[in-house]
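Here's a quick walk through a model, heading by heading. Have the viewer open as you read.

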Amino acid sequence: MTAKKAMTIAGSDSGGGAGIQADLKTFQELGVFGTSAITAVTAQNTLGVHGVYPMSADAVEKQIDAVIQDIGLDALKTGMLFSTEIIEAVASKIKEHNITNVIVDPVMIAKGGAPLLQEEAMGALKTSLLPLALVVTPNIPEAEAISGVTIKSVEDKEKAAKVIASFGVKNVLIKGGHDEGNKTIDLLYDGESFYTFTGQRIDTKDTHGTGCTFSAAMTAAIAKGGSVRVAAETAKQFIQAAIEDGINIGNGHGPTNHWAYKKRGKC
Ligand SMILES: Nc1ncnc2c1ncn2[C@@H]1O[C@H](COP(=O)(O)OP(=O)(O)OP(=O)(O)O)[C@@H](O)[C@H]1O
Ligand SMILES: Cc1ncc(COP(=O)(O)O)c(N)n1
């Protein structure tokens with residue numbers, strides 16, 4: 001049989017809830033073969049980040065080349081990229097290999113507050129990576145940091161999405177996990193129209209890695225040939241199931257349940 005392939009370029013989370021680990025589990029659950037390039041090793045559990053050990057830009061480039069030269073890919077996502085050097089290395093590989101299905105999750109700060117992107121790397125994210133992306137999936141604080149727009153309403157999300165699109169990214173999906181109220185409203189802007197994907201907010205502390213899981217689910221759906229809108233719908237259902245069927249691991253912000261979606265017979 002043949003398989004669709006997705007690659008994640010992200011940090012390792014030893015606790016298994018976010019980063020590379022969340023991405024690969026999500027790819028697997030959605031029936032896509034997953035490969036990876038690790039940008040940093042984090043010593044991390046549900047209570048927080050205890051250490052960050054970045055890889056060299058050269059090591060990241062070699063991992064990307066090794067995968068592409070032999071295995072190939074149908075879609076690629078980025079997560080924690082940590083530094084300007086790593087962002088520039090990833091951007092130059094995307095260009096060199098002419099990759100168009102690029103999903104950028106602009107990971108900045110871990111749930112517990114640890115920085116996963118150096119402050120000075122924000123410029124490279126905006127000017128080198130966003131113009132190469134098919135989709136960018138910021139949460140509300142990330143969308144505020146990229147756009148400079150304070151977000152308190154759906155209208156604010158629309159305004160921020162337009163500013164983010166002006167950096168050259170084709171689709172902007174602002175996630176609503178940080179919304180106030182009992183709904184989570186994810187907003188997609190494709191350069192012309194706005195689409196919303198609304199979920200019931202689940203009252204739980206176990207939301208570690210929701211953003212990674214969401215963008216990985218979008219990446220898998222795009223690798224399988226889905227449109228960005230179909231991918232957003234799939235990702236919303238995947239994360240809703242994963243949070244709803246929580247698995248209660250660890251003493252802090254626990255991971256979500258990556259196998260809940262398949263267990264519900266969704267794929
Ligand atoms: N408590 C919740 N109940 C239902 N859906 C949620 C909840 N929290 C987040 N989501 C959904 O999960 C997805 C990820 O959104 P979120 O804004 O949490 O990303 P994030 O902050 O980048 O996540 P993380 O930093 O934990 O990886 C979105 O579809 C969002 O609507
Ligand atoms: C390696 C890595 N990548 C991403 C996140 C973001 O996830 P969260 O905001 O849930 O901490 C993380 N904690 N660790």
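What follows goes from the overall fold to the core, the ligands and a few loop residues.

## Ground rules

This is a predicted model, so keep in mind that local features need pLDDT of at least 70, side-chain atom pairs count only at pLDDT 80 or more, and totals for chains, interfaces and linings use all residues. Residues are numbered from 1 along each chain as its sequence is written, while chains are lettered from A and ligands numbered from 1 in the order in which they are written.

## Overall shape

The chain has nine helices and nine strands; helices (H or I, at least four residues) and strands (E, at least two) are DSSP runs, numbered from the N terminus. Its radius of gyration is 17 Å, close to the 18 Å that the globule rule gives for 267 residues, so the chain is as compact as a globular protein of that length. That radius is taken over C-alpha atoms, and the globule rule is 2.2 Å times the number of residues to the power 0.38. Along the principal axes, the C-alpha atoms fill a box of roughly 45 × 40 × 35 Å.

Of the 267 residues, 51% count as buried. Buried here is 20 or more other C-beta atoms within 10 Å of a residue's own, exposed is 12 or fewer, and partly exposed is in between, with C-beta atoms placed from the backbone. Take the contacts between residues at least 6 apart in sequence: 68% of them join residues at least 24 apart. Two residues are in contact if their C-beta atoms, placed from the backbone, lie within 7 Å.

## The core and helix 7

Which residues touch the most other members of the largest nonpolar core? They are V90, A217 and M218, in a core of 79 residues. The largest share of this core, nine residues, comes from helix 7. A nonpolar core is a set of buried Ala, Val, Leu, Ile, Met, Phe, Trp, Tyr and Cys residues joined through C-beta atoms within 7 Å. Not counting residues up to four places away in sequence, M218 touches I103, V135, T137, A231, A232 and A235.

Helix 7 (210-223) is largely enclosed by the rest of the structure, because 14 of its 14 residues are buried. Just after helix 7, G225 takes a positive phi of about 100°; just after helix 2, G72 takes one of about 85°.

## Two ligand shells

Ligand 1 has 24 residues around it, and N139, K175, G177, T184 and G211 come nearest. Being near means that the C-beta atom, placed from the backbone, lies within 6 Å of the molecule or strand. Strand 8 (183-189), helix 7 and helix 8 (228-244) each supply at least two residues of this shell. The shell divides into six nonpolar, 13 polar and five charged residues. Ala, Val, Leu, Ile, Met, Phe, Trp, Tyr, Cys and Pro count as nonpolar, Asp, Glu, Lys and Arg as charged, and the others, Gly among them, as polar.

Around ligand 2 there are 17 residues, the closest being G11, A18, G19, A110 and K111. Strand 1 (5-13), strand 2 (33-45) and helix 7 each give at least two residues to this shell, and the largest share, three residues, comes from strand 1. By type, the shell around ligand 2 has seven nonpolar, eight polar and two charged residues.

Most residues other than glycine have a negative phi. N98 has a positive one, near 55°, and is found in the loop between helix 3 (84-96) and strand 5 (102-104). N98 counts as exposed, with 6 C-beta neighbours inside 10 Å. Phi of N248 is also positive, near 50°; this residue is in the loop between helix 8 and helix 9 (260-263) and is exposed, with 10 other C-beta atoms within 10 Å.

D190 lies in the loop between strand 8 and strand 9 (194-200). With 17 other C-beta atoms within 10 Å, D190 is partly exposed. Leaving aside its neighbours within four places in sequence, D190 is in contact with N171 and V228.
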